[in-house]
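Here is a quick tour for anyone meeting this structure for the first time. Have a look at the sequence and the model, then read on.

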Amino acid sequence: MICGGKMMWREFNIQTKRQTEFIDITHFAAETVSTSGIGEGACLVFVPHTTAGVTINENADPDVTADIQSALAVMVPSGPFRHGEGNSHAHIKASLIGSSVMLPVRGGRLDPGTWQGVYFCEFDGPRRRRVMMTCIADR
Amino acid sequence: MICGGKMMWREFNIQTKRQTEFIDITHFAAETVSTSGIGEGACLVFVPHTTAGVTINENADPDVTADIQSALAVMVPSGPFRHGEGNSHAHIKASLIGSSVMLPVRGGRLDPGTWQGVYFCEFDGPRRRRVMMTCIADR
Amino acid sequence: MICGGKMMWREFNIQTKRQTEFIDITHFAAETVSTSGIGEGACLVFVPHTTAGVTINENADPDVTADIQSALAVMVPSGPFRHGEGNSHAHIKASLIGSSVMLPVRGGRLDPGTWQGVYFCEFDGPRRRRVMMTCIADR
């Protein structure tokens, strides 16, 4: 997306390494915002996959995202499921967590709060994944 | 919403037929984007109901959305609940799944990924429902 | 965010009073939209905290939000968790419910549906909290 000559979207690739894994992608969003040159607006972080998601949570203690993963493993029933690929749990987690987050941008910077990280949530890895960032600006 | 003479929002009606049902509404979003004429931006799909939601998940095998529905039925407790209408489970599922999704638009087309469908999630049907689409463009 | 001389973002403070509590903040969103002067577009409601969230649900009967809170208390496992602060349940609920909602704006007014309220979801109170509102307009 071009707005006043400034690039407004970016795409990033991620190689996940485990079946379930939360990867901090805050720097991708921050880089997209600073590259775009927008002043005020919002940044959409979208995951184009059906067995992965994206969430915002604490980046200070990595135990927090580990606890979210273990809670989801307990919460989502183990079946029986109809889908033959054996990864229904991953599709269910993806819909619970969601496929996008939207972050405010102020003064040219991503403003998610002090301890917030944006996390790519792998539920059926390891796989090669994509993340799409779109900045929405005032002008 | 008019932007450069182009219609930017649309509303669609859906008649659901079962108590719990996921209905593919990707074509509504795609039609909204193509009618709007926007090139780059995003499309907000919003469900103005408190016992329904919207999610993105696999559209190749219908067993996937069936599995999500059966998992939610197991996950959400059966009560006791306070709300007298007997549909608290549907309100809870609506907040878990969410009332909107936001999709990237690139090159004038919705770009949700290869196997992604946008699903209206009925949790307390059958009812007549509405879905609101709003396109956000670069200019 | 200034767009055509109109203020486009607002920030509000909330003092929560209980550990778990849903607070209706629809009036903050409505006020942001009317102050902004936008005609058509969308309003992003963002919660910059990792143990709180935001959701849209019924505002007619307060038992509905009470039922959502009690269901989440049952659904989220009681541990064991790794995070040493003892509030992992709150972080998990925050990721399940989500950190933002996006609402359509039409004819200069927030248009969330008839019975919808926007709720700040406290999961680890009482605390002083912030909510950030950003309007995205057509021009």
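**A first look**

Going along the sequence, chain A runs β-β-β-β-α-β-β-α-α-β-β-β-β. That makes three helices and 10 strands, where helices (H or I, at least four residues) and strands (E, at least two) are DSSP runs numbered from the N terminus. Keep in mind that this is a predicted model, where local features need pLDDT of at least 70 and side-chain atom pairs count only at pLDDT 80 or more, while totals for chains, interfaces and linings use all residues; side-chain values use heavy atoms, without hydrogens and water. Residues are numbered from 1 along each chain as its sequence is written, with chains lettered from A and ligands numbered from 1 in the order in which they are written.

**Size and packing of chain A**

- The C-alpha trace of chain A spans about 55 × 30 × 20 Å along its principal axes.
- For 139 residues, a compact globule would have a radius of gyration near 14 Å, and the 16 Å of chain A agrees with that; the value is taken over C-alpha atoms, and the globule rule is 2.2 Å times the number of residues to the power 0.38.
- Of the 139 residues in chain A, 65% count as buried, meaning under 20% relative accessible area (1.4 Å probe, protein chains only).
- Take the contacts in chain A with a separation of 6 or more: 84% of them join residues 24 or more positions apart, a contact being heavy atoms within 4.5 Å.

**How the copies are arranged**

**A closer look at W115(B)**

- W115(B) sits in the loop between β8 (109–110) and β9 (116–122) of chain B.
- With 54% relative accessibility, W115(B) counts as exposed, which is the label for over 50%.
- W115(B) touches T50(A), as well as N57(B), E58(B), N59(B) and A60(B), leaving aside residues up to four places away in sequence.
- Although W115(B) and I56(B) are 59 residues apart along the chain, their C-alpha atoms are separated by 9.7 Å.
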